[in-house]
Amino acid sequence: PREAARLVPPQDYYVLKGRTGDEVVEIPSNLESLFDAFYALAPELQAIYLRSCYWFNLGRVVFHYSASMSFLALVVAIESLIAKEAPHVCNVCEKDHYPSITAAFRRFLNKYVPESPEREQFYATRSSIAHGSTLLSFDMRNEWGPEEFHPVAIEEQQQQDDLWQVAQLALVNWLASKEP
């Protein structure tokens, strides 16, 4: 007989790990409180959270077709949760200046995933992909050999794995912060 699902502490559940299909189903022990937090949100915050979840899932779905698009989707999942800041009037030119989305991204991760030192590189890579100046090496087909063994590809894969985990923690920690 198969072992029943097992409750595990969130810090053990939300770590990057492979799946073989033979594992016992694990459920984070805070799942009930996360559901409570979601259903206690105002409808507009529920919509924001679901939009963020859409982008997070898209990052998973498109990875084998485009690592670059996957990376972009994971960053957008995080950006979806960032509260939009109002412009401020510049005291020099007296025109509206909008806060930097890069700075907002940094502040958001500082708050919800503070142990993420690679946040600066995430946004730089996202900007390069979004503005068309780069693709991740996985998306550049190499007819002369396996690009997955190239040092750049290994670094990019590590960055993708780190971003996956940071995005997952950002979504969970944002929702947990809304607990009633």
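**Notebook: bridges, rings and helices**

I began with R6, which counts as partly exposed at 35% relative accessibility; buried means under 20% relative accessible area, exposed over 50%, and partly exposed in between, with a 1.4 Å probe and protein chains only. Before going on, I noted that this is a predicted model, in which local features need pLDDT of at least 70, side-chain atom pairs count only at pLDDT 80 or more, and totals for chains, interfaces and linings use all residues. Residues are numbered from 1 along each chain as its sequence is written, and side-chain values use heavy atoms, with hydrogens and water left out.

**Salt bridges**

I found two salt bridges in the structure; the term takes a side-chain nitrogen of Lys or Arg within 4 Å of a carboxyl oxygen of Asp or Glu.

Which partner does R6 meet? Its side chain forms a salt bridge with that of E26, at 3.9 Å from N to O. R6 lies in strand β1 (residues 6–8) and E26 in strand β2 (residues 26–28), so this pair ties together parts 20 residues apart in sequence. Helices (H or I, at least four residues) and strands (E, at least two) are DSSP runs, numbered from the N terminus. E26 is partly exposed too, with a relative accessible area of 23%.

The other entry is E79 with R126, whose side chains meet in a salt bridge at 3.3 Å, N to O. E79 sits in helix α4 and R126 in helix α6, 47 residues apart, and the pair links distant parts of the chain. I then checked burial: E79 is buried, with a relative accessible area of 12%, and R126 counts as buried at 15%.

**Helix packing**

E79 turned up again when I looked at α4 (residues 67–79) against α5 (residues 101–112): the two pack at an angle of about 75°, with axes 10 Å apart. Axes here are lines fitted to C-alpha atoms, for helices over the stretch in contact, and angles run from 0 to 180 degrees between N-to-C directions. That makes α4 roughly perpendicular to α5, a label for angles of 65 to 115 degrees.

Which residues make the contact (heavy atoms within 4.5 Å)? I listed V75, I78 and E79 from α4, and I101, F105, F108 and L109 from α5.

**Aromatic pairs**

I got 10 aromatic pairs for the structure. Rings of Phe, Tyr and Trp (its six-membered ring) pair if their centres lie within 6.5 Å; planes under 30 degrees apart count as stacked, over 60 as edge-to-face and the rest as tilted.

Y13 and Y14 are edge-to-face, 4.8 Å centre to centre with 85° between the planes. Y13 is partly exposed at 22%, while Y14 counts as buried at 8%.

F105 and Y123 make a tilted pair, 4.8 Å centre to centre with 45° between the planes. F105 lies in α5 and Y123 in α6 (residues 119–130), so the pair ties together parts 18 residues apart in sequence. F105 is buried at 1%, and Y123 is buried at 5%.

I also noted one aromatic cluster, formed by F38, Y39, Y49 and W174.

**Whole chain**

Last, I stepped back and counted seven helices and four strands. From the N terminus on, the elements run β-α-β-α-α-α-β-β-α-α-α. The C-alpha trace spans about 70 × 55 × 25 Å along its principal axes. Buried residues make up 37% of the 180 residues in the chain.

Notes: Parallel < 35°, antiparallel > 145°, perpendicular 65-115°, else oblique. Contact = heavy atoms within 4.5 Å.
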